[in-house]
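Please keep the structure open while you read the points below, and look up each element as it is named.

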Amino acid sequence: MANSINTSSANSANSSSSSSENTAIIDRKGQSPRQPVWKSLSYATRLTLSFAAIAAMTALVSIGVVSYVWEQHFKTYTTENIQILADKTAEQIAAEYKRKHDLRTASDPARYASLYTRGIGVKVVQKGGEEENVVYDSTVVDMGGGNTSPSLEPRAAIQTKTADIVVDREVIGYVRIWVYGTDTLLRSTDEQFRRNSYQAMLFSSALAIVLAMCLGFLFARNLVNPINRMTKTAQAIRDGDLSVRTRLTGEDEIARLGETFDEMADSVEKDRELERRLTTDVAHELRTPLMAIQSTVEAMVDGVFVPDTERLETVNSEVERLSRLVDALLRLSRLESRSTPIKEEVIDVGELISGIVATHDAFVNDSGLTMSFQADKGVYIFGDADMIRQATANLISNAVRYTPEGGQVTVRVKQGDIMASIAVQDTGIGLTPEETKMVFSRFWRADAGRSREYGGLGVGLAVVKEIVDRHGGWVHVDGKPQQGATFTIYIPLYDEEAVKYKARSKEARSKEKKSRWN
C-alpha cells in the first residue's frame, strides 16, 4: 500500500514537473527572443555613443598620464622643499650653538619647525667621536616617570633628508627631517594650482565627450542617409516600382555602392521588360502556326476543305515550324542556364569552318547566291566544335535569309594577336546603327514583316551570342542599309599554358568542394 502511494506520488510529481516544463517551453516559444539593448539601438545612435566612448577613453588616459607626471613633479618638488628646510634648520641650530655652546638647548629651531610645519618629523643628532647622541626627536613623546615613546622615524629614505650642522667648519651633528605625505610641504598656491588643473582636465574631458557625440551624430547621419535612401529604393523596387533610383554619386565606397545598386536596378528593369517582351513574342510566335493549324483542321472537319495532300502539307509545314521554334527556344534556354556542358578540345578553326561552308554550299546555290571562303592556316582555339559549328551555321543561314537573289556571301577565318575571328559578310538588306544594338535580342525585328517574308524565327543570333559568350569571346556586327552586313565572332586563340592553368584551377576547386562535403 505504501509502495502504491509512493508510486502515485512520484507519477503525479513527474506529471506536474513535465507539465511545468511544457509550460516553460510554451512560454519560451511564445516569447520572441530578446535582443541586446545595444543591437536594438539605431546605427546612428550606436555610432554616436561609440564616438563618445572613444572620447571618454582618450580623456581618461590623458588624465591618468598627466596626473602621474604631475604627481612625480610635485613629489620631486616636495623633496626639494624638505632638503631646503633641513638645510635652513641646520644653519639656525649652528647659529644658536655658537651662542649657547650646547646642542640640546640650541635645537629650538628644530622644535619650531616641527611645531609650525604640518606633517613632518625632525630629529637632531650630536656627533661625539664614533657615538651619536639624539638631542631632539619630535616623534618621541614624554610618557611621564622618565618613560618615552619609541621614535617614529621612517625606515624608508624616500621622503627623508639630512643636513649637517657645521660650526667653524666642524660637523658637530646633523638634522634629519622627514614627511608623512607628498603634500606636506606644498604651498597653498601649489595646491590651488593642482586643484584647478584637475578641474580643468575634467571640464575639458566633458567638453570633448559632448563634441565627440555631436560630431559622431553628424557623421552617422551623413553615413546613414545614403543607406536609408538605398533601403527606401529597394523597398520601392520590391513593391513593383522599377523606375526608382538612389541617384547617389561620388568617389567614396557608399556612393559606389549606390551607383552599383542603380546599375543593378537598371538591369532588373531591363530584364523585366525583356521578360514581358519575350512572353509577348513567344505567345505571338506560337499563336501564328497554331492558328494556321487550327483554321485548316477546322475547315477540313467542317467540310470546307478537302483533307487532301495539299492541306495536310500546309498543316505539316506549320507543325515543323512550331517544332523548330520550340527547339530553338529550348537550345537558347539551355545555353543561358549553362546546363549544357562545353566539350573542350583543340579546334582547327579553318578546317572546321571549311566543312560548314561545304555543307551549306548547295543551300546557298539553291537560294540564288554565291559563297566564297578564305582562311588563314594554323588558327587554333580551345572549345566546343559543335557549338562553334552551330554558331557559324546560324550566321550563314541569317546571311542567306536576308540577301536577295544574286548576292554574295563571304566567310573568312583570320588569326589575330590573341583572338581568332570568324566573319560572315553578305550583300543583303543591311542594318542601321540602331538595329545593330538590338540584333542579338530574342524575337527582335526591325521590320515587323521582314521575318515573315524570309521565314526567320528570331532566336538564331541570340544563340550565336550565348555560344560566343560561353567561349570567352564576343560577336560584333557592322552594317549599312541596303549595303549588307558583317557578323564577326571573336574567340581567344589556343594557349597551352592558359589551358593547363585553367584545368589545374578547375581541379583544385573540385577537390575543395569534395573536401567540404567530406
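1. Two strands are said to pair if DSSP finds at least two bridges between them, and this is the sense in which partners are named here. The model is a predicted one, so please read each point with that in mind, since local features need pLDDT of at least 70.

2. Strand β11 (residues 419–426) and strand β13 (residues 485–492) run antiparallel and are joined by seven bridges. Within this pairing, Val-424 has Phe-487 of β13 as its bridge partner. In general, the strands of a sheet pair through backbone hydrogen bonds, in either a parallel or an antiparallel way.

3. Both strands belong to an open sheet of five strands, whose order is β8-β10-β11-β13-β12 and whose pairing is mixed. At the edges are β8 (370–375) and β12 (474–479), each of which pairs on one side only, and from one strand to the next the twist averages 15°.

4. Which strands does helix α8 lie across? Helix α8 (residues 349–366) lies across β8, β10 (408–415) and β11, and runs at about 175° to β8. Helix α9 (residues 385–401) also packs on the sheet, where it touches β8, β10, β11 and β13, and its direction makes about 25° with that of β11.

5. A further point concerns helix α3 (residues 43–100), in which Val-61 has its place. Is Val-61 buried or exposed? Val-61 counts as exposed because its relative accessible area is 55%, and the cut-off for that word is over 50%. Together with Val-65, Tyr-68 and Val-69, Val-61 forms a nonpolar patch on the surface, with about 400 Å² of accessible area among the four residues together.

Technical notes:
Residues numbered from 1 in each chain as written. Predicted model: local features only at pLDDT ≥ 70, side-chain atom pairs only at ≥ 80, totals over all residues. Heavy atoms only, no water. Patch = residues over 30% accessible without salt bridge, like charges linked within 9 Å, V, L, I, M, F, W, Y side chains within 5 Å. Areas by Shrake-Rupley, 256 points an atom, 1.4 Å probe, with all protein chains shown as cover. Salt bridge = Lys/Arg side-chain N within 4 Å of Asp/Glu carboxyl O. Helix = DSSP H or I, 4+ residues; strand = E, 2+ residues; numbered from the N terminus. Buried < 20%, exposed > 50% of the residue type's maximum accessible area, 1.4 Å probe, protein only. Axes fitted to C-alpha atoms, helices over the stretch in contact; angles between N-to-C directions. Contact = heavy atoms within 4.5 Å.
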